Amino acid sequence: MTDSEFTGLLRKWSDFDPNDGLDDVRPKKGDFLLAMFEQQSRFMQLLEEKRSFPKWPVDLTSKVGQQTCRDASLGGIEEWFEALKHLKNWKSHRATEVKDVDRAEFLEEMSDALHYFVEVILLADISPEELFDAYMKKGTTNVARINGGY
């Protein structure tokens with residue numbers, strides 16, 4: 001995605017009405033992961049310009065770099081917990097079934113958590129390709145473990 005294509009995408013996002021759907025901002029074809037990374041990158045640039053967001057990527061060997069990644073990670077964990085509050089049917093000791101789930105709220109909180117996750121990845125200077133490769137490698141390891149009786 002070129003800078004001008006991404007600027008157009010951001011312009012579409014600024015006019016986005018969640019009630020209208022995502023057709024105008026969803027990549028027609030291509031890389032959804034890359035589009036999410038690029039959107040988060042632009043947002044982090046905006047935070048750097050308008051708020052006290054640190055320069056990034058950070059130095060992961062430094063105290064400040066590790067604190068920055070940890071703080072963003074904890075923000076994501078908070079969003080995970082907010083999402084989990086929408087799940088009421090998980091208690092093994094409960095005899096009744098609670099089938100009432102606000103899926104839209106659950107999805108919104110999971111999306112918030114994903115924003116923080118992508119932020120940490122960008123802070124740590126991990127590319128979408130590098131993340132994909134590590135994810136696929138770990139997936140292969142997990143399958144081998146299950147098939148090997150782990």
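The protein exposes about 11,500 Å², of which carbon and sulfur atoms supply 55%; accessible areas come from the Shrake-Rupley method with a 1.4 Å probe, and for residues only the protein chains shown count as cover. This is a predicted model, in which local features need pLDDT of at least 70 and side-chain atom pairs count only at pLDDT 80 or more, while totals for chains, interfaces and linings use all residues. Residues are numbered from 1 along each chain as its sequence is written, and side-chain values use heavy atoms, with hydrogens and water left out.

**Overall architecture**

- The secondary structure comprises five helices and zero strands, where helices (H or I, at least four residues) and strands (E, at least two) are DSSP runs numbered from the N terminus.
- Along the sequence, the pattern reads α-α-α-α-α.
- Of the 150 residues in the protein, 23% are buried (buried means under 20% relative accessible area, exposed over 50%, and partly exposed in between, with a 1.4 Å probe and protein chains only).
- Among contacts with a separation of 6 or more, 58% are between residues 24 or more positions apart; contact means heavy atoms within 4.5 Å.

**Helix H4**

- Glutamate 119 belongs to helix H4, which covers residues 103-123.
- Glutamate 119 is buried yet has no salt bridge, and arginine 51, the nearest side chain of opposite charge, is 12 Å away.
- A salt bridge is a side-chain nitrogen of Lys or Arg within 4 Å of a carboxyl oxygen of Asp or Glu; Lys and Arg count as positive and Asp and Glu as negative, whereas His and the chain ends are not counted.
- Not counting residues up to four places away in sequence, glutamate 119 touches Gln40, Met44, Phe53 and Ala72.
- Phenylalanine 117 is also found in helix H4 and is partly exposed because its relative accessible area is 42%.
- The C-alpha atoms of phenylalanine 117 and glycine 75 are separated by 9.0 Å, although these residues are 42 positions apart along the chain.

**Helix H2**

- Serine 41 lies in helix H2 (residues 32-50) and counts as buried because its relative accessibility is 16%.
- Leaving aside neighbours within four places in sequence, serine 41 is in contact with Trp56 and Leu122.

**Surface charge**

- Lys85, Lys88, Lys91 and Arg94 form a patch of positive charge on the surface.
- Patches are made of residues with over 30% relative accessible area and no salt bridge, with like charges joined within 9 Å and nonpolar side chains (Val, Leu, Ile, Met, Phe, Trp, Tyr) within 5 Å; the place of a charge is taken as NZ of Lys, CZ of Arg, CG of Asp or CD of Glu.
- Lysine 85 is located in the loop between helix H3 (63-84) and H4, and lysine 85 is exposed because its relative accessible area is 56%.
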